[in-house]
Number of protein chains: 2
Amino acid sequence: MNLKALIFGHPMKTRDSETTKLGLWQGLSILSPDALSSVTYGTEAILVVLATAGVGALWYSLPISGLIALLLVFLIMSYRQIVAAYPNGGGAYVIGRDTLGNVPGLLAGAALLVDYTLTVSVSVTAGVAALVSAFPSMTTYTVIICVLIVLLLTIINLRGVRESAQLFAGPVYLFILMIFMMVAVGLFVPVAHAPTLPAYLAPTIPSTVTLLLVLRAFSSGSSALTGVEAISNGVPLFKSPGTRRARMALLLLGLFLGTMFVGTSVIAYRFHIVPNGNVTVLQQLAAHIFGKGLYFYLLSFVTVGILSIAANTSFAGFPQLASIMARDQWMPRMFVARGDRLVYQNGIIVLGTISALLIIIFRGNTESLIPLYAIGVYMSFTIAMVSLVKKRLLDKDTLHGRNTTVFIGAFGAFLTATVVVVAVITKFTEGAWIVVIAIPGLMFAFYRVRAHYISVADQLRLASLDVKPLVSALTVIVPVASINRMTIATMSYALSMSEQVIAVSVAFNSDQEARIRYRWRQWNPSPHIRLVVLTSQYRSVLRPLLHFVTHFSELTDNRHHLVVLIPELVVPKSWQNILHNHMGISLQARLVFHKNIVVAMVPYRLKSETREK
Amino acid sequence: MNLKALIFGHPMKTRDSETTKLGLWQGLSILSPDALSSVTYGTEAILVVLATAGVGALWYSLPISGLIALLLVFLIMSYRQIVAAYPNGGGAYVIGRDTLGNVPGLLAGAALLVDYTLTVSVSVTAGVAALVSAFPSMTTYTVIICVLIVLLLTIINLRGVRESAQLFAGPVYLFILMIFMMVAVGLFVPVAHAPTLPAYLAPTIPSTVTLLLVLRAFSSGSSALTGVEAISNGVPLFKSPGTRRARMALLLLGLFLGTMFVGTSVIAYRFHIVPNGNVTVLQQLAAHIFGKGLYFYLLSFVTVGILSIAANTSFAGFPQLASIMARDQWMPRMFVARGDRLVYQNGIIVLGTISALLIIIFRGNTESLIPLYAIGVYMSFTIAMVSLVKKRLLDKDTLHGRNTTVFIGAFGAFLTATVVVVAVITKFTEGAWIVVIAIPGLMFAFYRVRAHYISVADQLRLASLDVKPLVSALTVIVPVASINRMTIATMSYALSMSEQVIAVSVAFNSDQEARIRYRWRQWNPSPHIRLVVLTSQYRSVLRPLLHFVTHFSELTDNRHHLVVLIPELVVPKSWQNILHNHMGISLQARLVFHKNIVVAMVPYRLKSETREK
C-alpha cells in the first residue's frame with residue numbers, strides 16, 4: 001500500500017477534482033508538445049519531397065509553408081468554435097456525432113484513438129533513436145528503453161496530469177524559446193556561410209515540378225499540424241472557466257506553431273538549406289546561425305526532449321476521448337471510471353499497453369507507422385470542419401460571423417480532405433492500407449459494444465417497481481469426504497440457511513459405502529440432513545458430484561433454489577496447497593455460473609504446525 | 001472428450017484393474033530395459049578406465065566383469081527375497097523403512113526417485129544423440145525431439161502399462177536375441193582380423209595399474225547393474241500371483257543381463273577391442289564378427305531403441321514407488337490417486353515434467369548427470385541388502401538358508417557401498433555433489449510433508465461423535481448497484497436463506513445517496529431487507545464494500561454466520577467480459593477464505609443479443 005502510494009501518489013477525494021486541473025500555461029505544456037514537436041520535422045518533410053525535383057524546386061517550400069500556415073489559422077479558428085460549443089471536450093468526435101451522425105462521429109473517434117496510440121509509439125521511438133545515435137553501444141537496448149519510457153509516461157500520467165505538466169513544462173517552453181531565438185536571429189544575421197548555389201538564385205519553375213509533387217510536399221508538410229486537435233479533446237483538463245482557457249490555449253498554440261513553422265521554412269530558404277540524411281534541417285540552421293557551440297548541442301538535446309514529450313499529449317487526449325465515447329456506450333464502461341488520482345486510469349493503462357506492444361512488435365522500427373498517423377488526424381480535421389459548417393448553416397440564431405465560419409470551414413475541409421486523399425494514395429503500400437482496415441474494424445467493434453450494452457439494459461430492466469423478490473424453497477448440498485471438524489463447520493452454515501440439507505459422499509466400492517453409512521448413523525447430526533452416497537466405478541470424486549448436483553438442479557423447477565456449500569481447507573503456507581486435492585476449487589470452477597446453482601466455499605482455516613508447539 | 005479418449009483411451013472401471021496387469025514376459029519387457037540397456041555401455045565403461053593405464057591393463061576387464069557378475073547374482077538373490085517379503089512392491093524403500101527405520105528407508109526412496117527421473121532424461125537424450133549423429137541436420141532440434149519423446153512416453157504410460165508393453169516388447173527381445181547371437185558367434189568364430197598387439201599377448205600387471213584404477217573400473221562397470229531394482233518396485237504391475245511372476249522375472253533378468261554383460265566382456269577381450277571415442281565397443285565387435293552389413297546397422301538401430309525404452313522403465317517404477325511413499329504420507333496425496341486408465345497418473349505426469357525440464361535446463365547435454373545416477377541406485381542397493389541381513393538376523397523362524405542370505409547380503413552390501421564411496425569421491429566435482437544436496441533436500445521435504453498431514457489430521461479430528469452442527473444466526477449481505485432483475489434474483493436467494501438481509505449500495509455523493517434511498521423506498525422489496533448506503537469519496541465501490549463486510553464480521557461474534565451474495569452478470573460471449581467491471585469477481589477474490597465469511601456469486605445469465613431477434 002505504501003509502495004503504491006509512493007509510485008502513484010495518495011488517493012484523492014472526488015471533491016478535490018478542481019485542484020487537479022490545469023492553468024493556461026500548464027495545460028498548454030501538456031496539450032501542445034504533439035503539435036509543437038512537428039516543427040522539428042515539418043519544414044524538412046516539405047524540403048525532402050521537393051529536393052527529388054532538384055535544388056531549384058526548393059523555392060516552393062515558401063508558398064507551401066504559407067498554405068499550411070493558412071490551414072493552421074483555419075484549424076485554430078474552427079477548433080476555437082468547437083471548444084466553445086462543446087465545453088466537455090471530445091472535439092471532432094462530439095461535433096461529428098451531433099451534426100453528421102454516428103458514423104462520421106465514430107470515424108473521427110476511431111481515427112483519433114488510433115492516432116493517439118501511434119503518436120506514443122512513434123514519438124518515443126523517435127526520441128530514443130536520437131538518443132541511441134549519440135550512444136551507439138545502447139542500440140541493442142532500444143526496445144527495452146522505449147518500453148521503459150512508455151512505462152514511465154504511464155506511471156507519471158497515472159499520478160495525475162498536473163504532475164506531468166510540472167515535469168514537462170520546462171523543456172516545452174525552452175524549445176519554443178530556442179526556436180523563436182533562432183528564427184529572430186536567422187532573419188537578420190548576414191548570410192555569410194551559405195552556399196551560393198546558382199539554382200537558388202534563379203527561382204524559376206523547373207520542368208521536374210509537377211502538381212503531384214507539390215501536392216505530395218503539401219501533404220508531407222501538413223504533418224506539422226498534427227496534434228492541433230488535442231486541446232479540443234482535453235477541455236475538461238483546464239481549470240474553470242475551462243472553455244475560455246482552452247480557447248486561449250488554442251490561440252497561443254496557433255501563434256507559436258505558426259511562427260515557428262513559417263519562420264523555420266523562411267530561414268531555411270534564406271540559408272539555402274538542402275536536406276540530407278545525416279543532419280536535420282534544424283541542426284543545419286543552428287550550425288549556420290550559432291555555430292557548432294552550446295546552442296547547437298542544447299537544441300539537439302531539447303529536440304529529443306520535445307519528441308518524447310509529444311507522446312505525453314496522447315496520454316492526456318486518449319483517456320479523455322475514450323471516456324467520452326465510453327459514456328456514449330461505444331467503448332467499454334471501464335474507460336469512464338476515474339481512479340485514485342482522479343484520472344481515467346484505464347484509458348492511460350490501455351494506451352500505455354498497446355503502444356508498448358506496437359513498439360515490441362515493430363522492434364522499435366516504428367517509422368513505417370508514420371504515414372498512418374497523419375491520415376487519422378486529417379480525417380478528424382475534415383470531419384470537424386464539415387460538421388462545423390453544417391452546424392453553422394443549421395444554426396438560425398447567430399448570424400454574426402456565420403459566413404466567415406462557413407467559408408473557413410469549407411475551405412479548410414477541402415484542404416484537409418486533400419491531405420487525406422493524397423496520403424492514402426501515395427502511401428497506400430507503405431502502410432496506409434492498415435488505416436483502411438483498422439478504422440472500420442474499430443468502428444465495427446464500437447457498434448458491437450453498444451449493441452451489447454443496450455441488450456443488457458433491456459434484459460435487466462424491470463417492467464415496474466411492483467416486482468418483488470420472492471422467498472423460495474432452498475436446498476443446500478454439501479459434499480462430505482469424512483466426518484470431521486470441517487464437516488461440522490460447513491453443516492452449521494448449511495443448517496442455518498435451510499432445513500433441507502443433503503450431504504453427498506462418494507464411495508469407490510460397496511464396502512466403503514457401507515462404512516460411510518455406518519459412521520453417519522452413529523453420528524446422526526440432524527433430522528434436516530439427508531445422506532446420499534454416490535458410487536464411482538472410475539475413482540473420480542468430482543464427476544459423480546457434478547452429475548448429482550446438475551441432475552438435481554434439472555429435476556427441481558426453476559423457482560427452487562439450490563446452494564452447494566463446499567468445505568475447503570485453507571492451509572497456513574501456500575506450498576502446502578500441493579498436498580491437498582482441492583476438490584472444492586475444482587467443483588466450484590465447474591459449477592460456478594451454472595444455471596440456478598449458487599456455489600460457495602466454506603473456508604476452514606488450519607493453524608500452522610509450528611505455531612502449535 | 002472424444003479427443004481425450006483418442007489420446008489417452010476410454011476411462012476404465014476399478015473392477016477391471018486385473019485386466020490391466022502384465023504377464024511374465026510383458027512385465028519383463030517393461031521393467032528390464034533400464035538394466036538391459038546397460039549392456040550397451042557397461043563393458044565399455046570398464047575398458048575406458050583401464051585404457052588410461054595402457055593396453056596391457058585391458059586384461060583386467062575379465063576379473064572385474066566377473067566380480068560385477070557375482071554382484072549381479074547376489075543382487076538377484078537378495079531382491080527375490082525382498083519381493084517375496086513385500087508383495088506390494090516398494091523394494092529398498094519398504095524393506096529399509098521396516099528394518100532400519102525411516103531415515104534409511106527415505107534415503108533409499110529419495111535416491112530411487114532421483115534416479116528414475118535422471119534415467120528418463122539421460123536415456124532419452126542418449127537415444128536422440130545416437131539418432132542425431134546419423135542425421136546431423138537435426139542437431140538444432142535435439143532438445144525439441146527429446147521433449148517430444150518424453151511427452152510421447154508420458155502419454156503412452158497414461159494410456160496404461162499394457163499399452164507400453166505391447167509397443168516395446170519387440171525391440172527389447174530383439175536386442176536380447178541379437179546380443180546373444182553376437183556372443184555365441186563371437187566365442188567360436190576364429191579371430192582373424194583382430195590386431196595382434198604384443199601387450200595383449202602378455203597379460204602381466206603393468207606398473208600403471210593401481211588399486212584405485214581397478215576400483216574406478218569396477219565402479220564404472222557396475223553401472224551395468226542399474227535398473228535391476230525396478231522389478232522389486234513394480235511387483236503390483238504383475239498379474240496374480242504377482243510375487244511368483246516378479247521373482248521369475250528377476251531370475252530371467254539376471255540370466256539375460258549376466259550372460260550378455262559377461263559375454264560381451266569376454267568377446268571384447270578375445271577380439272582385443274580397444275575403446276575409442278568414435279565407434280562403441282559393441283559396434284566394433286559387430287564389425288569384427290559380422291562385418292559392416294545388415295547386422296551392424298540393425299544393432300546400431302536397436303541400441304538406440306533400447307536406450308530410449310530404458311526411460312520407460314522409470315515410468316513404471318517412479319509412479320509405483322511414489323504411490324507407496326505417498327500412502328505413508330511422505331509425499332503429496334495426489335500420487336495415490338489412480339486416474340481414468342487405472343495408472344498413477346500424477347506420478348507419470350510429474351516424472352515426465354521434471355525430466356523434460358532437466359533436458360531443457362541442460363539443453364540436451366545430460367551426460368553430466370550420468371555420475372549422479374549410479375550413486376542413487378547403489379545407495380538403494382546397499383540399503384536393501386543391509387536391511388535384508390538385519391531382517392534375516394532378527395527373523396528367528398526361518399533358519400533355512402539364513403546364513404547364505406546373511407553372507408550374500410553382507411558381501412553384496414560391502415561391494416555396493418564400495419561403488420557408492422568410489423563414485424562419490426572420484427566424481428564429486430563432476431556432479432556427484434548434487435546428490436549430496438538433492439537427496440537430503442528431498443528427505444527434508446518428506447518430513448515437512450508428513451508433519452503437515454499429521455497436523456491437519458489432528459486439527460480436523462473430532463473429540464467424539466457427540467459433536468453436532470449447530471444452527472446459528474445468519475446474515476446475508478447483498479451488494480446492490482441498482483434495482484433491476486439481477487437484483488431481484490439475488491435478493492430472492494438471500495431471502496430464502498435468511499430473514500436478515502442487508503442490501504449495500506455505494507454512492508459517490510449525497511445526491512446519489514438520496515436518489516438511491518428514494519428509489520429503494522419506492523420499491524420497498526421486503527421487511528426483511530435493510531438498505532445500507534455507503535459513501536465513497538474515492539470513487540471506489542470495492543473498498544467501501546470490503547470495509548463494510550469485514551467490519552460487520554468483526555463486530556458479530558464467531559457463532560454468527562455471514563454470507564455475502566454477489567450478483568454477477570454472465571455474458572453469452574467471452575469477449576463481452578471486458579465490457580463489465582466484474583466487481584463481483586474482485587469482491588469474491590478479496591473475501592474468499594476470509595475468516596467467518598462465506599462468499600457466493602449468484603449468476604444472472606444474459607441471452608445473446610443476436611438470438612433475441
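Both faces of strand β1(A) are covered in this predicted model. On one side lie Leu474(A), Val476(A) and Val478(A), which are all buried. On the other lie Thr475(A), Ile477(A) and Pro479(A), and these are buried as well. In a regular strand the side chains alternate between the two faces of the sheet. Strand β1 of chain A spans residues 474-479, and six of its six residues are buried, so the strand is largely enclosed by the rest of the structure.

Two strands of chain A pair with β1(A). One is β4(A), residues 561-570, which runs parallel to β1(A) and is joined to it over four bridges. Here Ile477(A) stands opposite Val564(A). The other is β2(A), residues 501-507, whose pairing with β1(A) is also parallel and also covers four bridges. Val504(A) of β2(A) is the bridge partner of Pro479(A).

A helix pair was examined in chain A. Two packed helices are described by the angle between their axes and the distance between the axes. Helix α11(A) covers residues 211-221 and helix α18(A) covers residues 402-426. Their axes come within 9 Å and cross at roughly 105 degrees. An angle of 65 to 115 degrees counts as roughly perpendicular, and α11(A) is therefore roughly perpendicular to α18(A). From α11(A), the contact is made by Leu215(A), Arg216(A) and Ser219(A). From α18(A), Val419(A), Val422(A), Ala423(A) and Thr426(A) take part. Four residues of this contact are nonpolar, two are polar and one is charged.

The two chains also meet. In the predicted model, 69 residues of chain B are in contact with 67 residues of chain A. Several elements of chain B each supply at least two residues to the side that touches chain A. The helices are α19 (428-460), α20 (485-497), α21 (510-523) and α24 (609-612). The strands are β4 (561-570) and β5 (597-605). The largest share, nine residues, comes from α20(B). By type, the residues on this side of chain B divide into 39 nonpolar, 16 polar and 14 charged.

The arrangement of the copies was then considered. Chain B is superposed on chain A by a rotation of 180 degrees with 0.1 Å of shift along its axis, with an RMSD of 0.2 Å. The two copies are thus related as by a two-fold rotation axis. The same surface serves both copies, as 97% of the contact residues of chain B recur in chain A.

Conventions: Residues numbered from 1 in each chain as written. Chains lettered and ligands numbered in written order. Predicted model: local features only at pLDDT ≥ 70, side-chain atom pairs only at ≥ 80, totals over all residues. Axes fitted to C-alpha atoms, helices over the stretch in contact; angles between N-to-C directions. Parallel < 35°, antiparallel > 145°, perpendicular 65-115°, else oblique. Contact = placed C-beta atoms within 7 Å. Nonpolar A, V, L, I, M, F, W, Y, C, P; charged D, E, K, R; others polar. Least-squares fit on C-alpha atoms with pLDDT ≥ 70 in both. Buried ≥ 20, exposed ≤ 12 C-beta atoms within 10 Å, placed from the backbone. Pairing = 2+ DSSP bridges.
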